[in-house]
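Reader: I would like a close look at one part of this model, the packing of its helices and the pockets beside them. Please keep to what can be read from the coordinates.

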Amino acid sequence: MPKYMTIRSKSDRISFQIALKTCLITLILSLLLALLTILGLSAGSDFIHPWIVIQELFGYGSGDYNFVLHTLRLPRVLMALLVGAALGVAGLILQGIIRNPLAAPDIIGVTSGASVGAIIFIVYFMGAVSIQFLPLAAIIGATIVSFIIYLLSWKKGVTPIRMVLIGIGISALAKAMVTMLLVISNVAATTKAYLWLTGSLYGANMQDVFLLLPWVLVLLPLTFVMARIVNVKELGDDIAIGLGVKVQIYRLFFLLISVMLAGSAVAFAGGIAFVGLVAPHMSRMLVGRSFAALIPVTAIIGGIIVIAADIVARTAFLPKDLPTGVFTAAIGAPFFIYLLFKTRNQ
């Protein structure tokens, strides 16, 4: 029999159990993430010994690598961690509320909406408006497209299958709009847009990290607190309604959380694909289907995927620094095909 750790507030309004196996797996993944973070700070055009990296981080180094570590590499690694965690949990939420294993922000239209917002900004407002407003444009685009998907999916309530099908259609329309904008724009804007669409962490700085950090620090704990609602919703709308869950309200609530997580991540890192699809499935293979257990594990795995992809992107083809999204797609595309075959055979 599995052993569980119970966490309960004094008022009993917040109460959940976590298997000790989940705690152990989370600890192991956290250690792996820490090691990968050190590797990410060490690797580059000039390799820095991991022990020197640790000394520099804790203020015991000589200071010779201060610029390389604190200005160039640390913000990039931290951004990769936050982006991976946000995209992973955004995908986990979508798969939970839609009850579809193939649901992910980049598949049902959330990422495409962010791309439209960002490309419109790059093509029409770049130069006239500060580049710092690019993330805001991406978040607005993701929100508008998600609202359209939800509105078109409504028919005496929103059903998961309608949301998926309409989301795929709106995503295709948004991608067509992006292509049209790229064709009619000038060469400089097209180059900038293509780099953003592929997904890159190049040029990340601590200001970007601090701007993205509040989204992750607020929305992930909020999702964790509401985990029981998603567990009930996965039993089906009829059962959830019978248990007193306001299905449509909570579906919209969780959709907004997913949009804010995915939109904010894509806003700073561009169209990094497949993380929101792959990370939740890897988490389920490790800890089962408890949503509360899946949230931290998915966040860590998402961070691991993006950090690993970014390390390869900036070291495998030196002196070139390739977009991180190329390598997340290289991981995610085969996994997506595997899921399609697995779903078909069920």
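In which hand, left-handed or right-handed, does H4 pass H5 in their crossing? Please go on from there to the neighbouring contacts and the pockets.

Author: The model is a predicted one. H4 passes H5 in a right-handed crossing. The axes of these two helices cross at roughly 135 degrees and come within 6 Å. Angles over 145 degrees count as roughly antiparallel and those of 65 to 115 as roughly perpendicular, with the rest oblique once the roughly parallel ones, under 35, are set aside; H4 and H5 are therefore oblique to each other.

On the H4 side the contact is made by Val 110, Gly 113, Ala 114, Gly 117, Ala 118, Phe 121 and Ile 122. H5 meets them with Leu 134, Ala 137, Ala 138, Gly 141, Ala 142, Val 145 and Ser 146. By class, this contact holds 10 nonpolar and 4 polar residues, with no charged ones.

H4 (residues 110-124) also packs against H7 (residues 187-198), at an angle of about 155 degrees and with the axes 9 Å apart. That angle makes H4 roughly antiparallel to H7. The crossing of H4 and H7 is right-handed. From H4 come Ala 114, Ser 115, Ala 118, Ile 119, Ile 122 and Val 123, and from H7 come Ala 189, Lys 192, Ala 193, Trp 196 and Leu 197. The residues of this contact divide into 9 nonpolar, 1 polar and 1 charged. Ala 114, Ala 118 and Ile 122 of H4 take part in the contact with H5 and also in the contact with H7.

H5 and H7 lead on to the largest pocket. About 510 Å³ of space lies in this pocket. Its lining has 21 residues, and Leu 134, Lys 192, Tyr 202, Asp 208 and Phe 268 lie nearest its centre. The elements that give two or more residues to this lining are H5 (134-153), H7, H8 (206-225) and H11 (247-269). The lining divides into 13 nonpolar, 6 polar and 2 charged residues.

Asp 208, another residue nearest the centre of the largest pocket, belongs to the contact of H8 with H3. H3 and H8 pack at about 30 degrees, with their axes 10 Å apart. That makes H3 roughly parallel to H8. H3 passes H8 in a left-handed crossing. H3 contributes His 70, Pro 75, Leu 78, Met 79, Leu 82, Val 83, Ala 86, Val 89 and Ile 93, while H8 contributes Met 206, Asp 208, Val 209, Leu 212, Leu 213, Val 216, Leu 220 and Thr 223. The contact of H3 with H8 has 14 nonpolar, 2 polar and 1 charged residues.

H3 (residues 66-98) also gives the most to the lining of the second largest pocket, with 5 residues. The space in that pocket is about 430 Å³. Among its 20 lining residues, Leu 72, Arg 73, Arg 76, Arg 314 and Asp 321 lie nearest the centre. The lining of the second largest pocket divides into 9 nonpolar, 5 polar and 6 charged residues.

How values were computed:
Residues are numbered from 1 along each chain as its sequence is written. This is a predicted model: local features need pLDDT of at least 70, side-chain atom pairs count only at pLDDT 80 or more; totals for chains, interfaces and linings use all residues. Side-chain values use heavy atoms; hydrogens and water are left out. Axes are lines fitted to C-alpha atoms, for helices over the stretch in contact, and angles run from 0 to 180 degrees between N-to-C directions. Helices (H or I, at least four residues) and strands (E, at least two) are DSSP runs, numbered from the N terminus. A crossing is left-handed if the near helix is turned anticlockwise from the far one by less than a right angle, and right-handed if clockwise. Contact means heavy atoms within 4.5 Å. Ala, Val, Leu, Ile, Met, Phe, Trp, Tyr, Cys and Pro count as nonpolar, Asp, Glu, Lys and Arg as charged, and the others, Gly among them, as polar. On a 1 Å grid over the protein atoms alone, a cavity is a set of points where a 1.4 Å probe fits but cannot get out, and a pocket is an open set with protein on both sides within 12 Å along at least five of seven lines; lining residues have an atom within 4 Å of a point. Grid points are joined across faces, edges and corners, and a volume is the space filled by probe spheres set on the points.
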